[in-house]
Amino acid sequence: MEGVDFSKHSGVIAYFQKNYVKSGIFEKEYSKILAEAFEIRSESDYDDYYVISKEEVEEQIQNAKFFFDGIMKYVGEVTSLRG
């Protein structure tokens, strides 16, 4: 929506935190969810012995649903204001 592009996940996360969390559009909980998901993703990609528990998976699924729903609500509000 804003025409920005990033070559690394860390750039996307930093941009989201600066422009959406620190500005108050999204609560800090969104930043924590994003950071935790990225940490798990990185560990699972680069740590040969990383194993995630069923409980952690279930928590990540719930966090993803919460995050997605919040983002979709925001996008719907912004696009309705533009349209």
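My entries go from the whole chain to single residues.

**Ground rules.** I am working with a predicted model, in which local features need pLDDT of at least 70 and side-chain atom pairs count only at pLDDT 80 or more, while totals for chains, interfaces and linings use all residues. I number residues from 1 along each chain as its sequence is written, and side-chain values use heavy atoms, with hydrogens and water left out.

**Overall layout.** I found 3 helices and 0 strands in the protein; helices (H or I, at least four residues) and strands (E, at least two) are DSSP runs, numbered from the N terminus. From the N terminus on, I read the order as α-α-α. The C-alpha trace spans about 50 × 25 × 20 Å along its principal axes.

I then looked up burial, where buried means under 20% relative accessible area, exposed over 50%, and partly exposed in between (1.4 Å probe, protein chains only). Of the 83 residues, 19% are buried. I also checked contacts, meaning heavy atoms within 4.5 Å. Among those between residues at least 6 apart in sequence, 52% join residues at least 24 apart.

**α1 against α2.** How do these two helices pack? I get an angle of about 175 degrees between α1 (residues 9–21) and α2 (residues 28–46), with their axes 10 Å apart. The axes are lines fitted to C-alpha atoms, for helices over the stretch in contact, and angles run from 0 to 180 degrees between N-to-C directions. The two helices are therefore roughly antiparallel to each other; angles under 35 degrees count as roughly parallel, over 145 as roughly antiparallel, 65 to 115 as roughly perpendicular and the rest as oblique.

On the α1 side I listed H9, I13, F16, Q17 and V21, and these meet K28, Y30, S31, L34, F38 and R41 of α2. I sorted the residues of this contact into 6 nonpolar, 3 polar and 2 charged. For that tally, Ala, Val, Leu, Ile, Met, Phe, Trp, Tyr, Cys and Pro count as nonpolar, Asp, Glu, Lys and Arg as charged, and the others, Gly among them, as polar.

With a relative accessible area of 14%, S31 is buried. Beyond its neighbours within four places in sequence, S31 is in contact with Q17 and V21.

**The core.** Which residues make up the largest nonpolar core? I count 9 residues there: F16, Y20, V21, F26, Y30, I33, F67, Y74 and V78. Two or more residues each come from α1, α2 and α3 (54–82). Such a core is a set of buried Ala, Val, Leu, Ile, Met, Phe, Trp, Tyr and Cys residues joined through side-chain atoms within 4.5 Å.

I stayed with F16, in helix α1. F16 counts as buried at 9% relative accessibility. Leaving aside neighbours within four places, F16 is in contact with V21, F26, Y30, L34, F67 and I71.

**Q60 in α3.** Is Q60 buried or exposed? Q60, found in helix α3, counts as buried at 15% relative accessibility. Its side chain makes a polar contact with the side chain of E36 (2.8 Å). By polar contact I mean a pair of N or O atoms within 3.5 Å; within protein, one must be able to donate a hydrogen and the other to accept it, and residues adjacent in sequence count only if both atoms are side-chain atoms. Not counting residues up to four places away in sequence, Q60 touches E36, A37 and I40.

**Last stop, a loop.** I found G24 in the loop between α1 and α2. G24 is exposed, with a relative accessible area of 55%.
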